[in-house]
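This report describes the surface, fold, core and salt bridging of one protein model.

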Amino acid sequence: MSEDFFNDVFNNMFRAPVFGGETLMKTDITENDGRYYLDIELPGYTKDDVKLSLYNGDLTIEAKKPAETRTGKLLRQERYNGNCSRTFYVGTAIRESDIHAAFNNGILTIDFPTEEKKQEEEKKYIAIL
């Protein structure tokens with residue numbers, strides 16, 4: 001048994017699994033001028049491969065990669081090739097119209113307000129019995 005084999009096994013044992021969204025979608029989150037900015041790495045994906053959804057305050061990013069078209073015998077594969085997703089809680093006051101997204105050079109950039117918008121209170125009438 002070689003020393004390289006032992007090092008590979010030892011190093012891989014403590015590495016996070018590659019199938020989870022957190023390890024595939026490496027994300028930087030910053031705050032500036034009342035907005036949050038998420039920069040998410042999605043190498044090998046295109047804008048059409050990525051979908052965003054908002055439900056109950058959860059912003060979900062899904063990346064679905066079409067089947068690989070390259071032919072031939074695969075000798076080694078280090079890059080992930082498949083579907084992944086990741087969810088961030090952004091709050092229930094955030095609406096679709098508050099969220100802006102752009103995809104450029106394998107980086108998905110999303111921004112939305114940090115402060116929850118207060119809903120305007122509607123005048124309510126009280127019934128007299």
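## Surface and basis

The protein exposes about 10,900 Å², of which carbon and sulfur atoms supply 50%; accessible areas come from the Shrake-Rupley method with a 1.4 Å probe, and for residues only the protein chains shown count as cover. Of its 129 residues, 26% count as buried (under 20% relative accessible area, with exposed over 50% and partly exposed in between; 1.4 Å probe, protein chains only).

The model is predicted: local features need pLDDT of at least 70, side-chain atom pairs count only at pLDDT 80 or more, and totals for chains, interfaces and linings use all residues. Residues are numbered from 1 along each chain as its sequence is written, and side-chain values use heavy atoms, leaving out hydrogens and water.

## Fold

Two helices and seven strands make up the secondary structure, in the order α-α-β-β-β-β-β-β-β from the N terminus. These elements are DSSP runs numbered from the N terminus: helices are H or I with at least four residues, strands E with at least two.

## Nonpolar core

The largest nonpolar core has 18 residues, and Ile 40, Leu 42, Ile 61, Ile 110 and Phe 112 touch the most other members. Such a core is a set of buried Ala, Val, Leu, Ile, Met, Phe, Trp, Tyr and Cys residues joined through side-chain atoms within 4.5 Å. Strands β2 (35-41), β4 (58-63), β5 (84-89) and β7 (107-113) each give two or more residues to this core.

## Salt bridge

The structure holds one salt bridge (a side-chain nitrogen of Lys or Arg within 4 Å of a carboxyl oxygen of Asp or Glu). Asp 111 and Arg 35 form this contact at 2.6 Å, N to O. Because Asp 111 lies in strand β7 and Arg 35 in strand β2, the pair ties together parts that are 76 residues apart in sequence. Both Asp 111 and Arg 35 are buried.
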